[in-house]
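I opened the notebook to record a few look-ups. Entries follow in the order I made them.

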Amino acid sequence: MRWPDDGVPDRPGAWLMTVARNKALDRLRRAGTHRAKIEELAVMASRESDAPDDTDDSGIPDERLRLIFTCCHPALAAEARVALTLRTLTGLTTAEIARAFLVPEATMAKRLVRAKGKIAHAKIPYRVPPAAALPERVPGVLAVLYLVFNEGYSASAGADLIRRDLCDKAIGLAQVLADLMPEEPEARGLLALMLFQHSRRDARTDGAGNLITLEDQDRSRWDHGQIERARACLGDALLRGDPGQYQVQAAIAGCHATAPAAAGTDWPEIARLYRILSRLTGSPVVELNRAVAVAMADGPAAGLAITGELEVGGTLDGYYLLPATRADFLRRLGRNAEAAAAYTDALALVGTGPERRFLEGRKALVTTGEP
């Protein structure tokens with residue numbers, strides 16, 4: 001590091017990117033492999049050096065957020081830009097990104113290769129966009145932060161349920177984005193959603209790392225200061241009268257966070273909000289969550305009907321929460337043999353240790369005939 005002797009460069013972020021790129025090139029050349037990656041980096045380096053003016057006039061105060069805006073280029077399809085940004089900047093693996101998009105790892109790998117190929121072929125400039133160009137990139141940036149938080153809040157694989165480093169990173173960047181673009185209600189909505197969800201972190205597992213369901217959590221362990229902060233953020237967003245998917249999700253999380261006890265949860269309101277969210281997103285995962293809310297409001301048979309439709313549709317094949325949710329409905333209906341089979345299906349797909357132990361425990365209950 002030459003900074004102590006030479007002083008901090010005028011553009012430290014660009015300096016670090018240049019050094020990192022050069023080190024990557026050296027490492028790849030020494031290994032004698034991944035020639036395509038070497039060529040890609042070389043093209044990017046040439047393109048940046050030929051740019052007539054790469055002055056950063058974005059106004060973004062955080063280097064990490066600048067890089068995310070840079071990667072979320074509108075020339076790429078929305079899903080491709082989000083996936084490529086996740087892979088390039090956040091440290092998520094291709095497998096983790098594939099699980100977030102509910103596609104096989106091989107499919108996601110091909111999408112990433114195609115996105116990189118388009119960047120090289122179209123000579124898309126890799127530079128921070130000016131302030132005027134930021135709004136069109138906001139949806140992609142929000143999606144990146146949302147998926148980073150989700151991977152932290154409920155890890156897709158591994159020994160731990162929660163990856164606090166990812167949660168903290170996503171919340172910090174969401175706060176910067178909300179402050180930078182106060183006219184974007186979805187930025188504040190996303191921040192509110194993260195704060196509501198993360199406020200329960202200390203109550204979601206026990207001392208051994210085992211999963212504790214929402215209805216069984218000790219609500220005195222929730223971070224009520226963070227809940228109030230989330231309520232204020234959501235209130236500011238909703239005042240603009242333009243509710244989007246993150247604001248609706250935050251409203252759902254707020255229903256849970258502000259209920260004094262599990263029995264006091266307003267499940268009909270949550271089901272109504274999920275119906276709105278489903279229309280906004282068309283997401284089968286949202287429909288699965290709506291099934292849970294409907295089951296709590298109208299009984300497990302009503303929820304089971306929705307999961308049956310999702311199974312026929314096939315869009316959630318390979319997603320462990322579909323058979324796990326179905327198993328829970330069947331358990332509550334006293335159909336223990338069917339519940340045990342559904343728990344077996346879920347166990348074949350689950351990724352983390354805490355969730356696996358929880359499902360094994362529930363399967364044991366229905367196998368022994370306990371309610």
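**Entry 1: helix H4**

Which residues of H4 are buried? I am working with a predicted model. I listed Leu65, Arg66, Leu67, Ile68, Phe69, Thr70 and Cys71 as the buried residues of H4.

**Entry 2: Lys169**

I went to helix H9, residues 164–180, where Lys169 lies. Is Lys169 buried, exposed or partly exposed? Its relative accessible area is 30%, so I put Lys169 down as partly exposed. Next I looked for its contacts, leaving aside neighbours within four places in sequence. I found Arg64 and Thr90. I also checked Lys169 against Leu145: they are 24 residues apart in sequence, and their C-alpha atoms are 8.7 Å apart.

**Entry 3: cysteines**

How many disulfides does the structure hold? I got 0. I then looked up accessibility for two cysteines. Cys167 has 0% relative accessibility and counts as buried. Cys233 is buried too, with a relative accessible area of 5%.

I searched the whole structure for aromatic pairs and found 2. One of them is Phe149 with Tyr153: the ring centres are 5.8 Å apart and the planes are at 20°, so I logged the pair as stacked. Planes under 30 degrees apart count as stacked.

Where do these two residues sit? Both belong to helix H8, residues 138–153. They are 4 residues apart there, which means a separation of about one helical turn. An α-helix has 3.6 residues a turn, so residues three or four places apart point the same way.

I checked burial for each. Phe149 counts as buried at 3% relative accessibility. Tyr153 is buried at a relative accessible area of 14%.

**Entry 4: around the pair**

What does Gln197 touch, not counting residues up to four places away in sequence? I read off Phe149, Tyr153 and Ala253. Gln197 itself is in helix H10, residues 185–198. Its relative accessible area is 18%, and the cut-off for buried is under 20%, so I marked Gln197 as buried.

I followed its side chain onward. It makes a polar contact with the side chain of Arg200, at 3.0 Å. Arg200 in turn lies over the face of Trp222, 5.8 Å from the ring centre.

Last, I returned to Tyr153. The charged end of Arg204 sits over its ring, 3.7 Å from the centre.

Methods:
Residues numbered from 1 in each chain as written. Predicted model: local features only at pLDDT ≥ 70, side-chain atom pairs only at ≥ 80, totals over all residues. Heavy atoms only, no water. Buried < 20%, exposed > 50% of the residue type's maximum accessible area, 1.4 Å probe, protein only. Contact = heavy atoms within 4.5 Å. Polar contact = N/O pair within 3.5 Å; in protein donor to acceptor, adjacent residues only side chain to side chain. Disulfide = S-S within 2.5 Å. Phe/Tyr/Trp six-rings, centres within 6.5 Å; stacked < 30°, edge-to-face > 60°. Lys NZ or Arg CZ within 6 Å of the ring centre and 35° of its normal.
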